Amino acid sequence: MTTDMWIFLGLALVAVWAAVCMLISRSAVYSALFLVLNFLTIAVVFLLLQAAFIALVQVTVYAGAIMVLFLFVIMLLGAERVETTPSLPWQAPVAVAITTVLFGLMVLALLTGQAGAAPGVEVAAGFGSPQAVGELLFSDFLLPFEVTSILLLAAMIGAIVLTRRERSREAS
């Protein structure tokens, strides 16, 4: 195995560990911070794949902007005070079965050598560069870009409306 593969496996373990900690954490703020750790490890995986622009976008957009928004909403809504309901009795056995199957498939792929890198494919010069991505984003994909921005704006307005209603009920 190459050094890149060892680094990838270490990052994969950290990413899976952070994801599991995010799911089992009792605190919404800690869950959000574990999610930031997961985003950062995925960004390093993108760097291993020599996709520096995607890694930068991963850190800037997901670990930066969206997680700050999540933490803001969590603290604004007071989600720390919300009591959780017990889970359904069938969820734990199904989760264990799915985890066992996926882990077994991963081990099988590692042992048979199918987990190695795919043969290299030639890509055009400048593919994935910030200039090429920007040109595509603002020409061919302008409508989905604008729809996404409107969706995020609606989500922020919805969070504000929910907190205002909640605060007005508490004041009454």
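## The main nonpolar core

In this predicted model, the largest nonpolar core is built from nine residues. They are Val29, Ala32, Leu35, Val36, Phe39, Ala63, Met67, Leu71 and Ile74. Two elements give two or more residues each: helix H2 (28-48) and helix H3 (52-77). H2 puts in the most, with five residues. As background, nonpolar side chains in soluble globular proteins tend to be buried together.

Leaving out residues up to four places away in sequence, Met67 touches Ala32, Leu35, Val36, Phe39 and Tyr62. Of those partners, Phe39 and Tyr62 turn up again in the ring pairs below.

## Asn38 on helix H2

Helix H2 also carries Asn38. Is Asn38 buried or exposed? Its relative accessibility is 14%, and because the cut-off for buried is under 20%, Asn38 counts as buried.

As for what Asn38 touches, the list is made of alanines: Ala15, Ala18 and Ala19, again skipping residues up to four places away in sequence.

## Aromatic pairs

How many aromatic pairs does the structure hold? There are three. One of them is Phe39 with Tyr62, whose ring centres sit 5.4 Å apart with the planes at 40°, so this pair is tilted. It ties together distant parts of the chain, since Phe39 belongs to helix H2 and Tyr62 to helix H3, 23 residues apart. Phe39 is buried at a relative accessible area of 16%, while Tyr62, at 37%, is partly exposed.

Another of the pairs is Phe138 with Phe145. Here the ring centres are 5.1 Å apart and the planes meet at 75°, so the pair is edge-to-face; the angle has to be over 60 degrees for that label. Phe145 is partly exposed, with a relative accessible area of 32%.

## The protein as a whole

Zooming out, the secondary structure comes to six helices and zero strands. Read from the N terminus, the elements run α-α-α-α-α-α.

Buried residues make up 15% of the 172 residues. The protein exposes about 13300 Å², and carbon and sulfur atoms supply 74% of that area. Turning to contacts between residues at least 6 apart in sequence, 58% join residues at least 24 apart.

Conventions. Residues are numbered from 1 along each chain as its sequence is written. This is a predicted model: local features need pLDDT of at least 70, side-chain atom pairs count only at pLDDT 80 or more; totals for chains, interfaces and linings use all residues. Side-chain values use heavy atoms; hydrogens and water are left out. A nonpolar core is a set of buried Ala, Val, Leu, Ile, Met, Phe, Trp, Tyr and Cys residues joined through side-chain atoms within 4.5 Å. Buried means under 20% relative accessible area, exposed over 50%, partly exposed in between (1.4 Å probe, protein chains only). Helices (H or I, at least four residues) and strands (E, at least two) are DSSP runs, numbered from the N terminus. Contact means heavy atoms within 4.5 Å. Accessible areas come from the Shrake-Rupley method with a 1.4 Å probe; for residues, only the protein chains shown count as cover. Rings of Phe, Tyr and Trp (its six-membered ring) pair if their centres lie within 6.5 Å; planes under 30 degrees apart count as stacked, over 60 as edge-to-face and the rest as tilted.
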